[in-house]
4 protein chains.
Amino acid sequence: MIKAGIIGASGYTGGELMRLLLVHPKVKVTVATSRKLDGNDVCDTHPHLRGLTKLKFQNLEPEEVGSCCDVVFVAVPHGTAMYIVPQLMEGKAKVIDLSADYRLRQDIFESVYKLEHKDPREAVFGLPELHPEIAGATLIANPGCFPTGAVLAAAPLASAGLISSVVFDSKSGITGAGIEPSQTSHYPNMAENVQAYKLTTHRHVAEFLQELSRLDSSLTNISFTPHVVPSIRGILTTAHIFTKEKLELEYVRYVYDQMYKDKPFVRVIEGIPSLGAVRGSNFCDIGFEVDHRNNRIVVVSAIDNLVKGASGQAIQNMNIMFGIPETEGIWYAATFP
Amino acid sequence: MIKAGIIGASGYTGGELMRLLLVHPKVKVTVATSRKLDGNDVCDTHPHLRGLTKLKFQNLEPEEVGSCCDVVFVAVPHGTAMYIVPQLMEGKAKVIDLSADYRLRQDIFESVYKLEHKDPREAVFGLPELHPEIAGATLIANPGCFPTGAVLAAAPLASAGLISSVVFDSKSGITGAGIEPSQTSHYPNMAENVQAYKLTTHRHVAEFLQELSRLDSSLTNISFTPHVVPSIRGILTTAHIFTKEKLELEYVRYVYDQMYKDKPFVRVIEGIPSLGAVRGSNFCDIGFEVDHRNNRIVVVSAIDNLVKGASGQAIQNMNIMFGIPETEGIWYAATFP
Amino acid sequence: MIKAGIIGASGYTGGELMRLLLVHPKVKVTVATSRKLDGNDVCDTHPHLRGLTKLKFQNLEPEEVGSCCDVVFVAVPHGTAMYIVPQLMEGKAKVIDLSADYRLRQDIFESVYKLEHKDPREAVFGLPELHPEIAGATLIANPGCFPTGAVLAAAPLASAGLISSVVFDSKSGITGAGIEPSQTSHYPNMAENVQAYKLTTHRHVAEFLQELSRLDSSLTNISFTPHVVPSIRGILTTAHIFTKEKLELEYVRYVYDQMYKDKPFVRVIEGIPSLGAVRGSNFCDIGFEVDHRNNRIVVVSAIDNLVKGASGQAIQNMNIMFGIPETEGIWYAATFP
Amino acid sequence: MIKAGIIGASGYTGGELMRLLLVHPKVKVTVATSRKLDGNDVCDTHPHLRGLTKLKFQNLEPEEVGSCCDVVFVAVPHGTAMYIVPQLMEGKAKVIDLSADYRLRQDIFESVYKLEHKDPREAVFGLPELHPEIAGATLIANPGCFPTGAVLAAAPLASAGLISSVVFDSKSGITGAGIEPSQTSHYPNMAENVQAYKLTTHRHVAEFLQELSRLDSSLTNISFTPHVVPSIRGILTTAHIFTKEKLELEYVRYVYDQMYKDKPFVRVIEGIPSLGAVRGSNFCDIGFEVDHRNNRIVVVSAIDNLVKGASGQAIQNMNIMFGIPETEGIWYAATFP
């Protein structure tokens with residue numbers, strides 16, 4: 001059994017890691033830390049885990065966590081992971097960081113997050129469909145939720161050098177904003193509503209640029225606007241992709257099928273994806289139509305932001321790093337309807 | 001008192017017309033027709049109207065309706081209004097058609113709706129903020145719900161000749177799909193979901209093109225993708241407007257303020273509009289941010305699809321046609337929260 | 001014009017008072033106070049009021065408010081109103097208190113709210129359908145939201161001395177919990193959920209007992225359990241009323257019709273009430289069925305908690321106190337769907 | 001591997017059986033029937049199953065299904081199963097019927113469902129926590145969704161002979177009404193609403209009576225009113241239990257703990273259950289408070305109507321019938337949040 005530790009286990013990604021890992025046939029969760037909930041039952045915070053675990057949150061130093069685990073998931077806020085990861089990397093445990101701290105080149109990180117980086121070490125970007133080098137990695141920077149769905153939506157066309165510009169318009173469930181109540185997450189403000197935010201300045205754009213320019217270095221004309229919709233989970237990304245030339249639907253389908261044919265968690269479908277069909281699962285559904293009038297391909301991708309957009313993908317990365325089947329412990333259908 | 005008739009009063013726009021007209025100080029609703037509900041109480045279909053009316057649905061010929069009314073609202077499906085309006089126009093009543101039948105030039109209508117037009121008469125496009133000629137009209141083509149919010153969002157920049165291309169990404173409440181249950185409107189499919197549809201081929205694009213090219217004849221690079229979100233009412237449109245030159249926020253604000261300063265139902269705000277603040281009201285809220293990196297202005301507009309996007313706007317048109325204050329009977333705040 | 005002031009105008013009941021009073025034909029809102037938002041635009045907090053008012057919140061002493069108003073609405077938390085009302089009562093303004101402070105007999109209030117009462121003055125309980133003495137009152141204790149719907153549901157049978165016991169099982173929208181975000185109102189906790197709370201100890205029970213025992217002094221067997229459902233507004237109360245004898249449906253209908261035939265805001269209907277048909281309106285819909293097996297009448301009532309359950313009822317009381325039509329300014333249909 | 005067939009696999013319970021069985025380590029789904037979707041891909045109807053199965057719906061006779069399976073789940077409407085089960089019982093397969101046809105004594109069934117029963121054979125009522133005889137059964141009548149949550153809520157007190165009367169007030173997600181769109185399930189009618197229905201006459205009352213009177217033959221004073229709330233899944237039952245004597249909380253807790261201490265899927269908790277903590281899982285959460293004033297115990301139970309209330313419980317029954325661990329293939333945490 002792989003012994004797994006979770007640092008910062010009191011939030012949604014921590015809870016979701018445990019939801020999946022507690023019944024993962026190859027994993028035993030040995031430690032879950034929380035500074036402020038030290039000593040409390042994990043199930044007081046995550047009531048759905050009752051009956052599956054008797055773990056209590058502990059307030060442990062990273063070294064202590066690392067020394068009793070084979071893999072450590074770091075689920076702390078941006079700017080905090082960089083103080084924890086260096087201590088973990090001195091031990092033998094593999095590390096999967098769910099924060100933004102290791103996703104970007106140091107100078108870009110510092111410019112985007114307005115923070116000095118304390119640990120300019122390189123990590124592998126944990127998007128398994130595009131990064132086979134995950135298999136040999138010891139430190140993974142797990143992607144952001146928006147980049148996961150958006151990059152997978154555009155990657156095949158980017159890879160083929162066909163994109164001239166793209167507008168990503170994303171609609172996210174509110175769990176992306178975390179477990180703490182706020183005016184935005186207040187039910188009377190969120191229900192029956194759509195809330196656009198950071199219309200032009202969301203920090204995830206840097207990940208879009210990094211990952212798509214890896215596939216096509218000339219591709220920089222990328223716009224992104226996120227929205228919150230009345231949904232607990234899920235991100236639907238509508239990628240308005242303007243192509244350099246007129247493309248036929250059959251060709252577009254060929255390009256997507258080629259890229260994803262051996263990727264178990266990407267489903268290229270004939271209709272239009274929606275959140276229901278991926279809810280609670282690690283799948284990314286992708287569908288598209290061609291708008292000949294504007295040389296536009298509208299690609300829609302759907303993920304669960306807490307699974308493929310965070311904790312499920314982290315476990316997918318763990319599986320690959322440990323040489324066990326990529327699908328182990330995360331091969332479930334969505335909870336639909 | 002203005003005597004008002006409603007043809008096709010059993011659907012959502014019919015119900016919404018009555019919700020507003022039954023307490024309009026200058027209007028008396030004298031007739032509400034429905035072929036299939038002939039003889040039934042209006043309140044059996046529209047339970048919120050109980051206590052406000054004892055009207056029964058009648059199955060009357062258009063001439064009969066016209067002869068007892070000063071104004072007739074036509075709230076029937078596309079392709080049906082063209083058989084009703086000619087008969088109404090032979091009488092003295094003014095006519096406001098909420099269908100698509102008179103919104104477009106005949107040839108464009110026939111191409112978009114795949115129907116032969118039976119009544120190639122011209123109507124005034126009923127978007128009051130852009131069409132002062134409504135005051136003298138006898139036949140109004142009330143705009144579609146998506147065009148109302150989208151055209152108002154882009155009109156100031158279009159009018160100033162500043163737009164090079166625009167992607168409208170709209171998020172609509174489900175009442176836009178009508179009162180009849182369907183798989184899309186089935187709660188388990190709609191809740192906790194976002195459903196993109198007609199990714200590249202929605203018929204409202206013709207109205208976008210007509211109205212925006214009136215303001216800037218060179219503007220044809222218009223893309224549109226609609227979505228349904230888990231909301232009963234409302235349309236939030238995110239207009240990704242790519243401009244010919246770099247624009248400063250202050251200038252953009254000036255352009256919008258100039259166009260809408262005397263328009264009581266358009267509120268240009270400093271933050272980002274959302275559906276809650278317009279729910280149930282005739283307001284259109286507009287806000288924006290500038291993305292210098294991409295020469296993009298992200299303009300967000302919010303309306304209630306059944307009010308400013310349909311029945312409220314129809315009443316606004318009626319007020320103007322009858323020379324009474326534009327705001328009469330529709331000057332309510334949104335039902336927020 | 002009646003000059004109206006609102007003390008504590010930054011919450012939901014304050015916003016709702018303004019939504020209705022700003023377009024009330026006989027009222028001018030002259031002052032809206034808030035200690036913590038002193039100097040801020042009312043519309044920054046209540047965005048739906050933009051365009052309808054330019055009021056700013058003021059931090060004024062009660063005397064100052066009273067001196068410039070004909071009526072003052074007190075919309076502050078329980079335990080605070082008792083410090084404000086005495087100062088208001090020294091002036092000439094009539095006072096409508098939306099808190100619990102004056103609803104109960106002093107000793108009961110102190111026992112239920114665990115607070116010493118500072119102002120043991122009597123007020124009229126502002127449930128207009130049961131309290132004709134409102135017309136002559138200068139101080140109204142506006143009822144709680146749960147008691148309004150529950151008492152109206154049971155009053156006719158109580159008044160007829162037919163009830164042996166009753167279980168009120170209420171389902172409320174989340175605005176009943178106020179404008180401040182909390183774990184309960186956090187969208188991921190509230191959506192797709194039902195949350196029972198205070199299963200046996202809700203403080204509103206004291207109002208149920210007071211009002212129903214006024215109608216039938218032998219009626220004390222009253223149970224109440226509230227729930228929050230995923231709805232912004234509304235309270236649906238299911239009253240399981242066990243009767244002393246077997247009753248026929250026709251007789252029950254007669255009893256309800258008799259009591260409410262001249263009450264414009266109570267609609268006794270043939271089907272089962274639901275929240276949609278009263279949303280945003282001041283109506284209370286009531287329907288019922290008879291369960292002969294258990295000598296049970298199941299009575300269902302539906303109100304909007306912020307309107308008939310709070311601010312709309314307060315205005316109804318104001319109308320009666322000022323001798324203007326009871327329906328003035330609040331005679332709207334629900335915003336349905 | 002246990003070969004499983006599903007008759008009537010196109011509805012929600014059929015989809016849910018496949019969601020769970022397709023990844024059950026001891027089961028292989030060999031056939032899924034649907035008369036009207038014969039030949040269609042299962043995943044066209046159940047899009048969340050894409051990637052997990054290539055099954056097509058088949059239109060097979062019961063005998064054919066029975067002959068190729070070790071267990072057959074019958075997921076057809078009430079009144080239809082009684083024509084299918086007799087044919088299945090002639091083969092060797094064990095049968096689990098999810099309809100109402102075999103849950104009640106023949107005469108009661110005929111009286112409640114207004115149908116002549118064609119197959120008066122006895123089945124074991126498939127509520128594993130109360131029916132150990134499931135282990136030896138060949139035909140299981142899987143309980144209704146409301147009875148599962150309600151009977152588990154009241155069973156310990158009933159079993160102890162402590163109940164004098166009980167009012168069950170249940171709040172269900174809308175999937176209980178099935179996969180076909182209707183006015184009730186139409187999003188604009190369901191969202192922001194609560195819909196009470198069959199206030200006094202729901203057919204599940206017969207199951208409540210049967211199962212609770214098995215535990216206490218004197219207990220007949222049972223009332224039930226169901227509601228639909230804006231939730232896809234879940235049933236929260238508020239059981240207002242009036243006891244014969246005053247009971248202390250500690251004693252009530254003892255009674256519940258004793259009954260459920262070895263039942264892995266019933267979690268007796270200290271707080272109040274809610275739907276989120278059981279969503280998508282096979283758990284039934286139970287909590288309670290004591291109301292001394294009324295000798296009332298308010299017991300709240302929460303289940304997922306499609307899992308513990310239908311398909312999950314059917315699989316739990318299968319596990320027991322085949323002698324494999326009761327939790328096999330259904331031991332998952334809820335998808336929370």
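A salt bridge here is a side-chain nitrogen of Lys or Arg within 4 Å of a carboxyl oxygen of Asp or Glu. I kept that cut-off at hand while going through this predicted model.

**Chain B against chain A**

I started with salt bridges, and the rule finds 2 across the interface of chain B and chain A. I looked up one pairing by name: K171(A) and D169(B) join their side chains at 3.0 Å, N to O. On the chain B side, β9(B) gives the largest share, 5 residues.

Then I checked the extent. I found 49 residues of chain B in contact with 49 residues of chain A. About 3700 Å² is buried between the two chains, 53% of it on carbon and sulfur atoms. In chain B, the residues that lose the most area to chain A are E192(B), L199(B) and T200(B), together 17% of what that side buries.

**Chain B against chain D**

Here I counted 0 salt bridges. The contact takes 20 residues from each of chain B and chain D, and the pair buries about 1500 Å², 66% of it on carbon and sulfur atoms. I did find 12 residue pairs in polar contact. Helix α7 (residues 187-190) of chain B gives the most to this side, with 4 residues.

**Helix α6 of chain A**

Last, I turned to α6(A), residues 145-159, which spans 21 Å between its end C-alphas, close to the 21 Å expected. I still noted a kink of about 35° at A153(A), shortly before P156(A). Of the 15 residues in α6(A), 14 are buried. G161(A) follows the helix with a positive phi, near 70°.

Notes: Residues numbered from 1 in each chain as written. Chains lettered and ligands numbered in written order. Predicted model: local features only at pLDDT ≥ 70, side-chain atom pairs only at ≥ 80, totals over all residues. Heavy atoms only, no water. Helix = DSSP H or I, 4+ residues; strand = E, 2+ residues; numbered from the N terminus. Expected span 1.5 Å × (residues − 1). Bend = angle between axes of the 7 residues up to and from the residue. Buried < 20%, exposed > 50% of the residue type's maximum accessible area, 1.4 Å probe, protein only. Contact = heavy atoms within 4.5 Å. Buried area = accessible area lost by both parts, 1.4 Å probe. Polar contact = N/O pair within 3.5 Å; in protein donor to acceptor, adjacent residues only side chain to side chain.
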